[in-house]
Amino acid sequence: MSGPRILAIETSCDETGVAIVSGGRRIEANQVASQVAIHAATGGIVPEVAARQQLRWMVPTTQAALEEAQVEWPDLDAVAVTCGPGLIGSLLVGVSFAKGLAMTHRLPLVAVNHIEGHIYANWLTDASASEPLPPEPPFPLLCLVVSGGHTQLVLMGGHGRYRLLGQTVDDAAGEAFDKAGRLLGLPYPGGPAISQAAQGSRPATRLPRARTAGSYDFSFSGLKTAILREVAGYRERGEAIPVDGLAAAFEEAVVDALATKTAAAAEELGVAAVALGGGVAANAALRAELRSRLSEIGVSLLVPPPEWCTDNGAMIGAAAGFRYLAGDQAAPSLEATPNLALPWLAA
Ligand SMILES: Nc1ncnc2c1ncn2[C@@H]1O[C@H](COP(=O)(O)OP(=O)(O)OP(=O)(O)O)[C@@H](O)[C@H]1O
Ligand SMILES: [Mg+2]
């Protein structure tokens, strides 16, 4: 039994993702049209431009996914879509299109929270139908979601059951990477650019750590200011800016903050495993540091491959598979909700 086969749509920001996932686990197709090149020209996302690009790529990406999986509409059990959080214009494209598809093809509609999608990337596999499925992530699962718009520590007690332990009080980790990248004159998006610049380079300085002790909250806006001051100092002294060294210092500070809080929560709560999700989970230094700190306390780390960490339809299809099995269907009146929170049921 392979479970429900779901066509899943993700358009919350600047990627048009359409995937076909069966049983919440097996990827049969995963097409992503990225707008990174367009937004690199403006050094960041212009929401109106992102929404127009979503409209441009929605139909071709869906067709490509159906072709990749070699399936027809009667082979599908449901249509799933990200209904928030995200940019309203971008979300509206996916939600309207998904509602139209569900109605036309008489399929149930499943609504997914984008953050839940980032977490469910840990359930995905590209094993073929004839290969056995890898084991599912165990509960209770501690999830660190680190993306362009969010930084949250979430305790997951079972499917669809989440407790928010802490989150950023200012910038998200990815946002901090992007802003620091811009200050260092690196290309957009700053996350991969900083990570690349930092590779093999020693930190030029030790940047301050935010004082958020006693909670599972994070703060990254001070780091951005620290980079700004460092860059200004080198300029005033007429010295060359050690871009690679400052990138390494910045990455070290962000990784230290994320790894320290996550390992502390894992130990205190006695979780079965820790799972990473969101674009910043693609960061190799974060993976390595977290894995090493967790191994000291005997906890394993689950990390999806980088291409499932950034926005994609497959992660929405994974979350939707388990929602569908729980009988959770959305009404045809489903709306896009830019500031949608996870349904924080007691974990
Ligand atoms: N290797 C990396 N190291 C650090 N950050 C990275 C890396 N790769 C990507 N990122 C960051 O990940 C972010 C994009 O992640 P993602 O696509 O999940 O965010 P988003 O969808 O825009 O935000 P959200 O999921 O909160 O709505 C960007 O800020 C980018 O700089
Ligand atoms: Mg995202």
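Leaving aside residues up to four places away in sequence, Ser12 touches Thr82, Gly86, Leu87, Ser90, Leu91, His114 and Asp311. Keep in mind that this is a predicted model. Ser12 sits in the loop between β1 (5-10) and β2 (15-22). Is Ser12 buried or exposed? Ser12 counts as buried, because it has 32 C-beta neighbours inside 10 Å, and the cut-off for buried is 20 or more. For a distance along the chain, take Pro332: Ser12 and Pro332 are 320 residues apart, and their C-alpha atoms are separated by 19 Å.

Now the protein as a whole. Its secondary structure comes to eleven helices and ten strands. The radius of gyration is 20 Å, close to the 20 Å that the globule rule gives for 347 residues, so the protein is as compact as a globular protein of that length. Along the principal axes, the C-alpha atoms fill a box of roughly 65 × 45 × 35 Å. Of the 347 residues, 51% count as buried. Among contacts with a separation of 6 or more, 77% are between residues 24 or more positions apart.

Next, the domains. The domain assignment gives domain 1 as 5-124 + 307-325, and domain 2 as 141-303. Taken over C-alpha atoms, the centres of domain 1 and domain 2 are separated by 27 Å. How many residues of each domain are in contact with the other? On the domain 1 side there are 15 residues, and these are in contact with 21 residues of domain 2. Which elements of domain 1 give two or more residues to the side that touches domain 2? They are α1 (36-40), α4 (114-120) and α11 (313-325). By type, the residues on that side of domain 1 divide into eight nonpolar, six polar and one charged.

Let me move to α5, residues 173-183, and its packing. Two packed helices are described by the angle between their axes and the distance between the axes. For α5 and α7, the latter being residues 221-236, the axes come within 10 Å and cross at roughly 10 degrees. That makes α5 roughly parallel to α7, because angles under 35 degrees count as roughly parallel. Which residues meet there? From α5 they are Ala176, Lys179, Ala180 and Leu183, and from α7 they are Leu223, Lys224, Ile227, Leu228 and Val231. The residues of this contact divide into seven nonpolar, no polar and two charged.

How enclosed is α5? Nine of its eleven residues are buried, so α5 is largely enclosed by the rest of the structure. The buried residues are Ala173, Gly174, Glu175, Ala176, Phe177, Asp178, Lys179, Ala180 and Gly181. Note that Glu175, Asp178 and Lys179 are in that list of buried residues. What covers the buried residues of α5 includes the strands β6 (141-146) and β7 (151-158). The helices α6 (190-198), α7 and α8 (243-269) are also among what covers them.

Past the end of α5 there are two backbone points. Just after α5, Gly185 takes a positive phi of about 75 degrees. Further on, the peptide bond from Tyr188 to Pro189 is cis, with omega near -5 degrees. Pro189 is in the loop between α5 and α6.

That brings me to the remaining backbone geometry. Most residues other than glycine have a negative phi, and most peptide bonds are trans. Pro85 lies in the loop between β4 (78-84) and α3 (88-104).

Gln70 has phi near 55 degrees, and Gln70 is found in the loop between α2 (47-69) and β4. Gln70 counts as exposed, because it has 10 C-beta neighbours inside 10 Å, and the cut-off for exposed is 12 or fewer. The other is Arg106, with a positive phi of about 50 degrees. Arg106 lies in the loop between α3 and β5 (109-113). Arg106 also counts as exposed, because it has 7 C-beta neighbours inside 10 Å.

That is what I have. If you look at one place in the model, I would start with Ser12 in its loop between β1 and β2, and then go to the contact of α5 with α7.

Conventions. Residues are numbered from 1 along each chain as its sequence is written. Chains are lettered from A and ligands numbered from 1 in the order in which they are written. This is a predicted model: local features need pLDDT of at least 70, side-chain atom pairs count only at pLDDT 80 or more; totals for chains, interfaces and linings use all residues. Domain bounds come from an automatic or database domain assignment. Two residues are in contact if their C-beta atoms, placed from the backbone, lie within 7 Å. Helices (H or I, at least four residues) and strands (E, at least two) are DSSP runs, numbered from the N terminus. Ala, Val, Leu, Ile, Met, Phe, Trp, Tyr, Cys and Pro count as nonpolar, Asp, Glu, Lys and Arg as charged, and the others, Gly among them, as polar. The radius of gyration is taken over C-alpha atoms; the globule rule is 2.2 Å times the number of residues to the power 0.38. Axes are lines fitted to C-alpha atoms, for helices over the stretch in contact, and angles run from 0 to 180 degrees between N-to-C directions. Angles under 35 degrees count as roughly parallel, over 145 as roughly antiparallel, 65 to 115 as roughly perpendicular and the rest as oblique.
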